[in-house]
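Hi,

Here is the structure I promised to pass on. Have a look at it first, then read my notes below.

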Amino acid sequence: NPCDAPSPRQTHLHTLRALVDTNYTSRMSDNHASYAKIPPDTRKVDSSHMDSNGPQKLAEKDPMGSGMSKLEALFSHPLYNMPTPPIHEDDWLLKVKHKGKALTSAMTQPIGTGAVTATPPPPPPRLRFHLGISRWQLYPHLDPNMASLAQQLSTHRIVSADVLQKSGGTQLKLVMSFPNYGQAMLKPIKQERDEETNFNLYYFSDFERHNAEIAAFHRDRVLGYRRIPPAVGRLVDVVTEIKDITTDHKLARTFFTSPVFLLQHAVCGRPQNLEASLAMMLPDPSLATRRTWRSPWKCSYSRSKLAVWEKNPDYCDTVKTPPYNKGTRLVDLIDMTILDFLMGNMDRHHYETFEKFGNNTFLLHLDNGKAFGRHSTDEPSILTPLEQCCRIRRSTLLHLRLLSLPQYRLSDVMRDSLSHDPLFSVAPLLSALHLSALDRRLVTVLQTVSCCQERQRSRHGEGDDVIYENVTDYKTLVNHVTPAR
Ligand SMILES: Nc1ncnc2c1ncn2[C@@H]1O[C@H](COP(=O)(O)OP(=O)(O)OP(=O)(O)O)[C@@H](O)[C@H]1O
Ligand SMILES: [Mn+2]
């Protein structure tokens, strides 16, 4: 280009980066009010909570009395709004090239017209999501883009449906494409909300549940992790939105008109509308390679053999070799363990990271379909990494304690959060029994941490080795997060 003007795309991308900058979130206009419809005056950190006005101050505050839902109150708590350091260029997953001068209106003016071109159209939510992925999280807290993204996933026209090509995958998954090139992974309904996974079924033969994928996304966000791609529910027309548009002949051939109302194991549209989860696809691996890691506490996936960690109580010591002996990898894994225990997910055989960030990055929690299978029992083995390593991030512990307080009760904020999903109008995504199981399991996690601290205290009179300190001014925060009783 003789004028060396930046291509419109480059400048556009530069503007996009500004849009996904975390600071931008708090400046977003209200018409982009996010999922939780946070009132503008509560979005910013309420610094009055930060000074130590006595331990009970926040606990006494009645979020309902202030007109906020429990979820809104939770998300405006200082713990969720701690200042974060600026994100360096290398800490973004996707690089935005910007060279040369900014685009001026004269450059963008169409030749031959006197009209001044309007500012470029807002970037599609999918692109904003991808550009907002950083070394530390998939999206920022209170990201206004989440609402637009959910809206697109649940309403945009589906232009193609293809079977996810992956060797070894156990159950039907479709990659749905939208007109703006966005893609989502579809998992169909397999089990009614109230049904419990059969006790005679081995965990590895369990179904994947569409509502588990959706609830896991909400669960992860409520915990303040933001490591699960956004997933929403949608009623999909199996004929017009899958059968008629797929170019996959094998998939098309699997359609049949059922002679009975419901066939066991078939994926059924009843009669035509299929409940499904649509999870936003991460950037294509050609743009952002991912690394897959085997979980050191992987289940044996055998009916007769025990895994090594089940036989050796000191197993954690053997795990503390690279990458688990440095940085945050071990506490990241324990964060994942806690998430999985709360939702009863035994199927965490692997996790992934973005290769670009090396070992110093968050863990992606993909594939949550086998969570929320049982509400009447808990699966203690899922907590083994926490029990054996006795290590937890300070921030995670503070979040868990907050969620155990009546005014932010985990089950209540989850119910609130899930009521924003489009499938809520069909039926609540999690039954009351699954919601109350979350509260019960949260108590177990907090007890496990207390036991660890007591054990360590009895050994060397301290007990602080349990906490991985990542909150510098936690002493002011902790006043407002009274321990669960
Ligand atoms: N949102 C996403 N974006 C991009 N890729 C994804 C996403 N979710 C899952 N994947 C990829 O697709 C693969 C298959 O998905 P998933 O693990 O849900 O299938 P699965 O059949 O349950 O696999 P398995 O039987 O091995 O547990 C994952 O390993 C992951 O690499
Ligand atoms: Mn799976």
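**What I found around the binding site**

D367 is buried, because 24 other C-beta atoms lie within 10 Å of its own (buried means 20 or more such atoms within 10 Å, exposed 12 or fewer, partly exposed in between, with C-beta atoms placed from the backbone). You'll find D367 in the loop between β7 (350–354) and α15 (384–389); helices (H or I, at least four residues) and strands (E, at least two) are DSSP runs, numbered from the N terminus.

Before going on, note that this is a predicted model, where local features need pLDDT of at least 70 and side-chain atom pairs count only at pLDDT 80 or more, while totals for chains, interfaces and linings use all residues. Residues are numbered from 1 along each chain as its sequence is written, and chains are lettered from A and ligands numbered from 1 in the order in which they are written.

An unreviewed UniProt entry lists E208 and D367 under "binding site" (positions use the numbering here, feature names are shortened, and annotations may be inferred rather than shown by experiment). The two are spread over 160 residues of sequence, yet they cluster in space, with a largest C-alpha distance of 8.9 Å.

E208 sits in the loop between β3 (183–188) and α9 (210–222), and counts as buried because it has 23 C-beta neighbours inside 10 Å. Leaving aside neighbours within four places in sequence, its contacts (C-beta atoms, placed from the backbone, within 7 Å) are Q171, K187, K190, G369 and K370.

K187 lies in strand β3 and is buried too, with 27 C-beta neighbours inside 10 Å.

Cheers

Notes:
Contact = placed C-beta atoms within 7 Å.
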